[in-house]
Amino acid sequence: MVGRFLAAQARRQGRDVLALTSAEWDITDPTAAERFIQSGDVVVNCAAYTRVDAAEEDHDLAHAVNALGPENVAHACARAGADLIHISTDYVFSGAQRRPYEIDDETGPLSVYARTKLAGELSVLAAMPDAHIVRTAWVYEGADGSDFVAVMRRVASGDGPVDVVADQIGSPTYVGDLVGALLEIVDGSIREPLLHAANEGEVSRFDQARAVFEAVGADPERVRPVGTDAHPRPAPRPPYSALSSRKSAEAGLTPLRPWREALAAALDSAGPLPSTP
């Protein structure tokens, strides 16, 4: 999703873009990068193993894609004289605190997915200290995909109650806004290696779902709060993972707009739901 939006926006801006699928460039192959990276390029690594629950059983593949793969890319960029932007996640934090996480707050990943993403951050910076790591959170498009906002949008068009967890709090981030931040970093004026890029503010999944219902004209009272224990999952999630962009702004990155404004824009861009035959 991020790669698709990033490539499209970069092309609209007149940039020279080479967007490769995992079949075309397998980042777990340490020799593959040499075919693509040239001096002066900016590589944005959007590849990741993101199936959080499946990673609990598929540790080796998650580690290969999320930790070893980024290290391969970083080494290749360093050898070629290219810049690198690597995308990471709010899940590197434990959720033990109740204020937005700063860049330099202590990490504490809870799941295999989160541990492999943190390992990817560390391996990238070890191989290429001037690379950029961009942590983001709860990324969505809101159209016809499988992201949380898209699912809530479809559910809102139906009837009956919808149970949504109220004890997971984070920073929902519209993919279009995240891509804007990535392209700002591409332009090279920001030197800070570790950044946060998420829409401003924090919200529970329950309140985020209610906001989607309200935005599409559905009754938000249909959304009912439940605890995480009502929907047990193989991988634990941090109960609180909102990201602070304060230090990113100090480094020169334009803060992303408030999450409610971004949600309204995303749903407006998504257009009407496809009709059911």
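## Where α4 meets α6

In this predicted model, Phe148, Val149, Met152, Arg153, Val155 and Ala156 of α4 touch Arg205, Gln208, Ala209, Val212 and Phe213 of α6. Sort that contact by class and you get eight nonpolar residues, two charged and one polar.

As for geometry, α4 covers residues 148-156 and α6 covers residues 205-215, and the two pack at about 55° with 9 Å between their axes. An angle under 35 degrees would have counted as roughly parallel, and 65 to 115 as roughly perpendicular; α4 and α6 are therefore oblique to each other. The crossing of α4 past α6 is right-handed.

## α6 again, now with α8

Helix α6 has another packing partner in α8: here the angle is about 45° and the axes lie 10 Å apart. That makes this pair oblique as well, α6 to α8. α6 goes past α8 in a right-handed crossing.

On the α6 side, the contact uses Asp207, Gln208, Ala211, Val212, Glu214 and Ala215, while α8 brings Trp259, Arg260, Leu263 and Leu267. The tally by class for α6 with α8 is six nonpolar, three charged and one polar. Gln208 and Val212 turn up in the contact with α4 and also in the one with α8.

The largest nonpolar core runs to 40 residues, and Leu182 and Leu263 have the most contacts inside it. The top contributor is α5, which gives eight residues.

What does Leu182 touch once its neighbours within four places in sequence are set aside? Its contacts are Val2, Leu6, Val44, Ile85, Ile87 and Val134. Two of these, Val2 and Leu6, are listed among the buried residues of α1. As for Leu263, it also sits in the contact that α8 makes with α6.

## The buried side of α1

Val2, Phe5, Leu6, Ala7 and Ala10 are the buried residues of α1. In an α-helix there are 3.6 residues a turn, so residues three or four places apart point the same way. After α1 comes Gly14, with a positive phi near 85°.

Phe5 belongs to α1. Is Phe5 buried or exposed? The cut-off for buried is under 20% relative accessible area, and Phe5 comes in at 19%, so it counts as buried. Leaving out residues within four places in sequence, Phe5 contacts Glu141, Tyr174, Val175, Gly176 and Val179. Glu141 is 136 residues away along the chain, yet the C-alpha atoms of Phe5 and Glu141 are 9.2 Å apart.

## Phe93, buried in a loop

Phe93 sits in the loop between β2 and α3 (112-127). Its relative accessibility is 0%, so Phe93 counts as buried.

Which residues does Phe93 touch, not counting those up to four places away in sequence? They are Tyr101, Glu102, Asp105, Glu106, Thr107, Gly108, Arg135, His196, Pro238 and Leu243. Phe213, part of the α6 contact with α4, is another matter: Phe93 and Phe213 are 120 residues apart in sequence, with 29 Å between their C-alpha atoms.

How values were computed:
Residues numbered from 1 in each chain as written. Predicted model: local features only at pLDDT ≥ 70, side-chain atom pairs only at ≥ 80, totals over all residues. Heavy atoms only, no water. Axes fitted to C-alpha atoms, helices over the stretch in contact; angles between N-to-C directions. Helix = DSSP H or I, 4+ residues; strand = E, 2+ residues; numbered from the N terminus. Parallel < 35°, antiparallel > 145°, perpendicular 65-115°, else oblique. Left-handed = near helix turned anticlockwise from the far one by under 90°. Contact = heavy atoms within 4.5 Å. Nonpolar A, V, L, I, M, F, W, Y, C, P; charged D, E, K, R; others polar. Core = buried A, V, L, I, M, F, W, Y, C linked by side-chain atoms within 4.5 Å. Buried < 20%, exposed > 50% of the residue type's maximum accessible area, 1.4 Å probe, protein only.
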